[in-house]
Amino acid sequence: MDFLGCLVLWISVLLYGTCGVLALIRNNGITEPEFIRRCVQAHNAHRPRVTPPAASARSMVRQVFNYIQSWDKELAKGARDRAKHCRASYNPMLAHFGHPLFGWMGENIWLGVPFSAFSVENAIQRWSKGGAYSLKSNNCSRLCGQYAQLMWSTSFKVGCAVNVCSKGIENFSSHPESTIFVCNYGDTGHVHGVTPYISGVACSGCGSEICRDNICRYDWFPGWDYGPTSSAHSTSYWLTNLGLCLQGVCWTLIYYATH
């Protein structure tokens with residue numbers, strides 16, 4: 001490979017790592033760092049805003065050495081698998097998903113057309129407005145399962161995926177850009193008869209956990225979650241090192257070609 005060819009290959013690798021739209025469509029978002037960041041950040045933006053305030057709602061973001069540890073790749077894989085089914089219905093098999101920690105997982109779904117109508121923020125905003133929720137009666141003016149899961153105080157893990165269904169979405173639309181966005185949660189929310197959170201002074205129930213932005217910063221994570229805790233980090237790490245490796249090969253080839 002000549003120097004120009006190697007340079008082009010190296011630049012292509014670097015561009016692949018930053019090409020959010022292409023990576024989003026190809027991988028359903030679950031390994032795209034910007035998609036992951038926006039999913040976690042949007043969830044975290046809504047959870048402290050409940051009325052009345054939540055005493056012990058947990059944050060869905062915890063960063064250690066730049067790893068986003070509240071993004072769960074197994075939950076994201078489950079969301080991706082469900083999104084690929086292109087059905088306007090919830091996954092009946094969430095209880096049998098085989099997650100290492102959660103026996104039951106929660107799920108939220110957004111549907112829309114065309115793909116340009118989708119954004120992570122708009123989808124999660126819609127879930128937050130799913131119904132006029134009353135904590136006192138634990139009820140909504142409309143169905144509010146999506147709201148309850150979004151605000152479920154003990155959920156601290158999330159994994160999401162987006163898919164464009166070229167043949168349409170069953171029971172929703174036949175449009176060739178029908179789009180489905182799915183998020184899975186641990187632990188599950190919207191348990192019948194249980195309120196999504198306990199009201200009280202914000203963070204008053206955090207205990208030993210840190211209070212930040214009116215929400216408890218959950219600093220525990222299980223043993224199986226050590227190391228690069230998201231596919232996004234692994235992908236970014238792999239691409240960066242591949243780029244450096246190719247650069248090194250190029251300089252080695254140049255050296256031997258000129259000596």
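Visitor: How many bridges join β3 to β5, and how do these strands run?
Guide: Strands of a sheet pair through backbone hydrogen bonds, either parallel or antiparallel. Here, seven bridges join β3 to β5 (residues 178-186), and the two run antiparallel. Two strands pair if DSSP finds at least two bridges between them; helices (H or I, at least four residues) and strands (E, at least two) are DSSP runs, numbered from the N terminus. Asn-108 stands opposite Cys-183 in β5, and Gly-112 stands opposite Thr-179.

A word on the source: this is a predicted model, in which local features need pLDDT of at least 70 and side-chain atom pairs count only at pLDDT 80 or more, while totals for chains, interfaces and linings use all residues. Residues are numbered from 1 along each chain as its sequence is written, and side-chain values use heavy atoms, with hydrogens and water left out.

Visitor: In what order do the strands form the sheet?
Guide: The open sheet has three strands in the order β3-β5-β4, with antiparallel pairing. β3 (106-112) and β4 (157-165) stand at the edges with a single partner strand each, so one side of each lacks a neighbour in the sheet.

Visitor: How many residues of β3 are buried?
Guide: Buried means under 20% relative accessible area, exposed over 50%, and partly exposed in between (1.4 Å probe, protein chains only). Seven of the seven residues of β3 are buried, so the rest of the structure largely encloses this strand. For β4, eight of the nine are buried, so that strand is largely enclosed too.

Visitor: And at what angle do α3 and α5 pack?
Guide: Two packed helices are described by the angle between their axes and the distance between the axes. Axes are lines fitted to C-alpha atoms, for helices over the stretch in contact, and angles run from 0 to 180 degrees between N-to-C directions. α3 and α5 (residues 120-128) pack at about 30 degrees, with axes 9 Å apart. That makes α3 roughly parallel to α5, since angles under 35 degrees count as roughly parallel, over 145 as roughly antiparallel, 65 to 115 as roughly perpendicular and the rest as oblique. Contact means heavy atoms within 4.5 Å; among the residues making it are Phe-35 and Ala-42 of α3 and Ile-124 and Trp-127 of α5.
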